[in-house]
Amino acid sequence: MTIEELNTITETNKAWYIDLKTEGDIIKYEVGTGASATAIPAKIAQKLKLKLSPSSADVRSAGNYALKVKGVSKVKLVLEDKVVEEWVYVIKKPQKTFVR
């Protein structure tokens with residue numbers, strides 16, 4: 001692979017990420033066009049001081065890999081002038097954040 005090909009892939013991947021204000025902090029999310037849930041790593045949830053409710057949800061990543069869910073929290077997500085409240089799954093292992 002050449003540097004030019006690597007740069008193209010990197011630039012293309014940037015299009016799949018978005019910064020969302022989450023409970024007052026800016027968090028980078030990967031946009032999952034086929035995602036049916038929004039998830040963040042436990043480390044970020046801890047930083048945001050989210051209050052977790054128990055969850056028995058079966059949350060899976062791309063490739064159908066099961067994610068270990070620590071809990072779920074209702075979170076306010078803000079992008080420019082758009083505000084939504086979304087149930088966000090908190091996953092145990094340090095993985096990417098993703099938004100549906």
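Which residue takes a positive phi in the hairpin of S1 and S2? Glu 23 does, with a phi near 50°, and this hairpin has 2 residues between the strands. The model is predicted: local features need pLDDT of at least 70, side-chain atom pairs count only at pLDDT 80 or more, and totals for chains, interfaces and linings use all residues. Residues are numbered from 1 along each chain as its sequence is written, and side-chain values use heavy atoms, with hydrogens and water left out.

**Overall layout**

- The protein chain holds 2 helices and 8 strands. Helices (H or I, at least four residues) and strands (E, at least two) are DSSP runs, numbered from the N terminus.
- Along the sequence, the pattern reads α-β-β-β-α-β-β-β-β-β.
- Of the 100 residues of the protein chain, 31% count as buried. Buried means under 20% relative accessible area, exposed means over 50%, and partly exposed lies in between (1.4 Å probe, protein chains only).
- The protein chain exposes about 7,100 Å², and carbon and sulfur atoms supply 52% of it. Accessible areas come from the Shrake-Rupley method with a 1.4 Å probe; for residues, only the protein chains shown count as cover.
- Take the contacts in the protein chain with a separation of 6 or more: residues 24 or more positions apart account for 50% of them. Contact means heavy atoms within 4.5 Å.

**Confidence**

- The mean pLDDT of the protein chain is 78, and 76% of its residues reach 70 or more. pLDDT is the predictor's confidence in each residue, from 0 to 100.
- Over residues 1-10, pLDDT stays under 50. For this stretch the model has 2 contacts beyond four places in sequence.
- Where pLDDT is low, the predicted coordinates should not be read in detail.

**Strand S1 and its partners**

- S1 (residues 17-22) is joined to strand S2 (residues 25-31) by 6 bridges, and the two run antiparallel. Two strands pair if DSSP finds at least two bridges between them.
- S1 also runs antiparallel to strand S6 (residues 69-79), with 2 bridges joining them.
- Asp 19 has Lys 28 as its bridge partner in S2.
- Thr 22 has Leu 77 as its bridge partner in S6.

**Thr 22: buried or exposed?**

- Thr 22 counts as buried because its relative accessible area is 0%.
- Leaving out residues up to four places away in sequence, Thr 22 touches Ile 27, Tyr 29, Leu 48, Val 75, Lys 76 and Leu 77.

**Nonpolar cores**

- The largest nonpolar core has 12 residues, including Leu 20, Ile 27, Tyr 29, Leu 48, Val 75 and Leu 77. A nonpolar core is a set of buried Ala, Val, Leu, Ile, Met, Phe, Trp, Tyr and Cys residues joined through side-chain atoms within 4.5 Å.
- S2, helix H2 (42-48), S6 and strand S7 (82-91) each give two or more residues to this core.
- H2 gives the most, with 3 residues.
- Another core, of 8 residues, lies apart from it, with Ala 39, Leu 67, Tyr 89 and Ile 91 among them.

**Salt bridges**

- The whole structure has 3 salt bridges. A salt bridge is a side-chain nitrogen of Lys or Arg within 4 Å of a carboxyl oxygen of Asp or Glu.
- Why can such pairs form? Side chains of opposite charge can pair when their charged atoms come close.
- Lys 28 pairs with Asp 19, the closest N and O atoms being 3.1 Å apart. Lys 28 is partly exposed, at 49% relative accessibility. Asp 19 is partly exposed too, at 41%.
- Asp 58 forms a salt bridge with Arg 60, with the closest N and O atoms 3.2 Å apart. Asp 58 is exposed, at 57% relative accessible area, whereas Arg 60 is partly exposed, at 39%.
- Asp 81 and Lys 82 meet through their side chains at 3.9 Å, N to O. Asp 81 is exposed, with a relative accessible area of 66%, and Lys 82 is exposed, at 54%.
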